[in-house]
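Please look over the model below.

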Amino acid sequence: IGHKPNNPEIAQLTGRQQEILRYVSEGHSNKMIAYSLQISEQTVKIHVAAIFRVFNVSNRTQAVYKARSLGLVA
């Protein structure tokens, strides 16, 4: 993944959170993300909430916008 490692927000995201963020940016529901990654929907919710905290946002749209501005997703 080609992003700036010196960005503290990116550094705070785990690899799994970055992976989930990519699914969110593609418009997938928590249920579909859970199915694709073979994890529970509750685990996806926990990761999404953590992403919101790191990015200081309150919804998926804001999280995707922030991720795009950081170059994490296309």
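Helices (H or I, at least four residues) and strands (E, at least two) are DSSP runs, numbered from the N terminus. The chain averages a pLDDT of 91, and 92% of the residues score at least 70.

This is a predicted model: local features need pLDDT of at least 70, side-chain atom pairs count only at pLDDT 80 or more, and totals for chains, interfaces and linings use all residues. Residues are numbered from 1 along each chain as its sequence is written, and side-chain values use heavy atoms, with hydrogens and water left out.

**The cavity**

The structure holds 1 cavity of 30 Å³ or more. A cavity is a set of points, on a 1 Å grid over the protein atoms alone, where a 1.4 Å probe fits but cannot get out; lining residues have an atom within 4 Å of a point. Grid points are joined across faces, edges and corners, and the volume is the space filled by probe spheres set on the points. The largest cavity holds about 30 Å³ of space. Its lining consists of L21, V24, V48, I51, F52, R60 and A63. Helix 2 (15–25), helix 4 (41–55) and helix 5 (60–69) are the elements that give two or more residues to this lining. Helix 4 gives the largest share, 3 residues. By class, the lining has 6 nonpolar, no polar and 1 charged residues. Ala, Val, Leu, Ile, Met, Phe, Trp, Tyr, Cys and Pro count as nonpolar, Asp, Glu, Lys and Arg as charged, and the others, Gly among them, as polar.

Buried means under 20% relative accessible area, exposed over 50%, and partly exposed in between (1.4 Å probe, protein chains only). Contact means heavy atoms within 4.5 Å.

Q17 lies in helix 2. Q17 counts as buried because its relative accessibility is 8%. A polar atom of its side chain lies 3.0 Å from the backbone nitrogen of T14. Not counting residues up to four places away in sequence, Q17 touches Q12, H47, A50 and I51.

H47 sits in helix 4. With a relative accessible area of 16%, H47 is buried. Its contacts, leaving aside neighbours within four places in sequence, are R16, Q17 and I20.

V64 belongs to helix 5. V64 is buried too, at a relative accessible area of 9%. Leaving aside neighbours within four places in sequence, V64 is in contact with V24, S25 and V73. V64 and G27 are 37 residues apart in sequence; their C-alpha atoms are 9.6 Å apart in space.

Most residues other than glycine have a negative phi. Which loops hold Q38 and N56? Q38 is in the loop between helix 3 and helix 4. N56 is in the loop between helix 4 and helix 5.

Conventions. On a 1 Å grid over the protein atoms alone, a cavity is a set of points where a 1.4 Å probe fits but cannot get out, and a pocket is an open set with protein on both sides within 12 Å along at least five of seven lines; lining residues have an atom within 4 Å of a point. pLDDT is the predictor's confidence in each residue, from 0 to 100. A polar contact is a pair of N or O atoms within 3.5 Å; within protein, one must be able to donate a hydrogen and the other to accept it, and residues adjacent in sequence count only if both atoms are side-chain atoms.
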